[in-house]
Amino acid sequence: MPLALFGITFLSPEGAVFALAAAVPVAAYLVTERRSGRIRAALRLRGPGRRALAPVLSALVVLPALVAVAAAQPVVVRRQSIHERSDAQAFFILDTSLSMDASAGPGEATRLARAKRLASQLQARLADVPIGLAGMTDRVLPYVMPTTDPALFRRTLAQSVGINEPQPSQDYRRQRATNLQALVPVLNANFFSLGTNRKLVVVFTDGEAPSDLQLLSLGIEKKLAPVFVHVSAPGERIYHHGKPDPNYTTDPTSGHILAHAAAMTGGSVYDESQLGKIASAARRIVGRGPETGQVSAYARIALAPWVALAGIFPLGFLLYRRNF
């Protein structure tokens with residue numbers, strides 16, 4: 001159970017029991033010094049004195065104590081009070097199908113990497129709006145529910161969003177895994193909190209999806225007005241070990257498919273280079289409102305590595321004294 005002390009939280013306070021191990025080397029050192037004292041007395045030699053023993057005893061105590069503190073996992077929790085909108089929420093949905101691994105060349109940024117960068121930039125411009133993250137193939141699954149914690153958003157974006165995450169529900173080796181009709185459940189599957197009046201959905205995709213969008217039209221019926229961001233460029237290929245995949249080429253009709261989807265849902269579509277227009281469209285949907293909610297966002301800074309590193313000093317001193 002975590003323990004807080006002087007602004008520092010110990011995640012594993014039971015690890016501090018290791019400090020008791022200091023009794024072993026201290027006792028061994030005192031016994032050795034007592035034996036050496038008797039020998040020096042018999043030989044009528046002058047001893048080092050108690051003052052000379054103090055640094056060694058201190059090092060023998062400090063070293064296990066530092067290890068014990070590190071084992072207790074001390075962390076500093078940096079808190080920040082932030083305000084959030086209670087009447088608006090957003091979901092950024094990133095296409096994670098295999099085609100999003102395409103790029104202009106080996107070592108160039110993939111479509112998914114560019115989409116993640118755009119999502120991060122857009123979140124910064126909508127900092128007052130709780131924003132969730134979800135991945136889309138032939139289904140949409142959330143990574144994190146709407147939050148105004150920028151650290152959580154960026155960490156989820158960096159660590160959880162990846163190609164084929166979530167995995168498609170079927171095998172699409174010869175077909176397109178992305179299905180824009182997977183957006184329909186977003187409106188009715190409790191992605192947004194109850195009572196949310198303004199809902200924003202931004203879809204980052206290359207648009208390489210089936211052109212049959214009838215269910216998308218019937219399911220959304222212009223209630224959601226999604227913002228589609230077309231993340232694609234002509235001639236992009238999927239590369240494996242520097243060589244292009246012979247089974248994949250960029251779909252030149254993807255832009256038309258997204259334009260059709262936007263027209264059917266009352267939404268809009270923008271190119272990935274139009275960040276300013278994307279942000280403006282998103283802001284028009286969520287608008288401005290009272291920031292009634294107040295949450296505590298925090299960043300946790302681990303101190304254990306630094307405490308363990310400090311153990312080099314008493315250890316080095318003991319090794320130095322051993323040779324004298």
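A residue is called buried when its relative accessible area is under 20%. The model is predicted, and in it Gln89 has a relative accessible area of 10%, so Gln89 counts as buried.

Gln89 lies in strand E4, which covers residues 88-95. Its side chain makes a polar contact of 2.9 Å with the side chain of Ser193. Leaving aside residues up to four places away in sequence, Gln89 touches Val129, Pro130, Pro146, Phe192, Ser193, Thr196, Arg198, Lys199 and Leu200.

For the chain as a whole, buried residues make up 42% of the 324 residues. There are ten helices and twelve strands. Of the contacts with a separation of 6 or more, 81% are between residues 24 or more positions apart. The accessible surface comes to about 18100 Å², and carbon and sulfur atoms account for 57% of that surface.

The largest nonpolar core has 31 residues, and Phe92, Leu94, Leu122, Leu126, Leu200, Val202 and Phe204 have the most contacts inside it. The elements in the table each supply at least two residues of this core, as does E4.

| Element | Residues |
|---|---|
| Helix H3 | 111-125 |
| Strand E5 | 131-136 |
| Helix H4 | 150-159 |
| Strand E7 | 198-205 |
| Strand E8 | 227-230 |
| Helix H8 | 275-286 |

H8 gives the most to this core, with six residues. A second, separate core has 21 residues, among them Val186, Val203, Ala209 and Ala261.

How values were computed: Residues are numbered from 1 along each chain as its sequence is written. This is a predicted model: local features need pLDDT of at least 70, side-chain atom pairs count only at pLDDT 80 or more; totals for chains, interfaces and linings use all residues. Side-chain values use heavy atoms; hydrogens and water are left out. Helices (H or I, at least four residues) and strands (E, at least two) are DSSP runs, numbered from the N terminus. Buried means under 20% relative accessible area, exposed over 50%, partly exposed in between (1.4 Å probe, protein chains only). Contact means heavy atoms within 4.5 Å. Accessible areas come from the Shrake-Rupley method with a 1.4 Å probe; for residues, only the protein chains shown count as cover. A polar contact is a pair of N or O atoms within 3.5 Å; within protein, one must be able to donate a hydrogen and the other to accept it, and residues adjacent in sequence count only if both atoms are side-chain atoms. A nonpolar core is a set of buried Ala, Val, Leu, Ile, Met, Phe, Trp, Tyr and Cys residues joined through side-chain atoms within 4.5 Å.
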